[in-house]
Amino acid sequence: MGPAPRRPFDPVRFFRWRNYWDYGTGIPGDLFVHLFSGIHFVLDALGPTRIYASGGLRFWKDGREVPDVMAGLYEYPEAEAHPSFTLSLKVNFANGGGGGEAFRFIGDEGMIEIGWGQVRLSKLPPRRLTEQELLGWNSLRTFPEAMQRRILEAFRAENPPQREVSERQEVVYQAPPGYDDRLDHFRNFFEAVRTRGRVVEDGTFGFRAAAPALLSNTSYLENRAIGWDPKNMRQT
């Protein structure tokens, strides 16, 4: 029970302990933490510096305390291993739209999607602004005609006509038949035990994944953004 207050025995509370703040850590501690682990491993990232989470009890009106829907935004600063980026995590336990799971790294030229047993790379050529978009998307048409001509001439000089390449390139890396990623987890752990080496997710790595997950709950409960120092591993 730890520091949780004493209560009369309740079978619902006993078997569904994740639904109560006395014992569980909600969606972030149950699910977000695994996403932080994967993202930090892939990007060699230490963690976010700003955390904000929102959600609520939208469907399960059964007396539980933790929200059944939660979305989090996490600001990662530029580092040697990666540029700055914003991470968005969200979970809906009662997904009326079907959906499923998605784990995506999205950039300005494509997307990497990591699924169960495969990695999919989708790539598009860099997006180029056209003259029509230049004229239609901003206030250029409100300028005097002479100024419009000068802007268009400068745009044409910097953007000579090119053949537009809009073909989507997609590559799928498929795991071998029968592959189970738990095998690699066990192999890494047993090898560390035999050689007194290091596991991939040691205590420091695990803390840097768990901290932003748990601070998501703090943000939700206190209705504010939370500052975090991922290098020194402390709240700011």
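The legends below describe close-up views of a predicted model. Local features need pLDDT of at least 70 and side-chain atom pairs count only at pLDDT 80 or more, while totals for chains, interfaces and linings use all residues. Residues are numbered from 1 along each chain as its sequence is written, and side-chain values use heavy atoms, with hydrogens and water left out.

View A. Beyond its neighbours within four places in sequence, N217 is in contact (heavy atoms within 4.5 Å) with W21, T25, P28 and M70.

**View B. The aromatic pair F36 and Y74.** The whole structure holds nine aromatic pairs (ring centres of Phe, Tyr and Trp, the last by its six-membered ring, within 6.5 Å; planes under 30 degrees apart are stacked, over 60 edge-to-face, the rest tilted). The ring centres of F36 and Y74 lie 5.0 Å apart with planes at 85 degrees, so this pair is edge-to-face. Because F36 belongs to helix 2 (residues 26-43) and Y74 to strand 2 (residues 69-76), the pair ties together parts 38 residues apart in sequence. Both residues, F36 and Y74, are buried.

**View C. The aromatic pair F189 and F190.** With ring centres 5.7 Å apart and planes at 55 degrees, the pair is tilted. F189 is partly exposed, at 44% relative accessible area, and F190 is partly exposed at 39%.

Methods
Helix = DSSP H or I, 4+ residues; strand = E, 2+ residues; numbered from the N terminus. Buried < 20%, exposed > 50% of the residue type's maximum accessible area, 1.4 Å probe, protein only.
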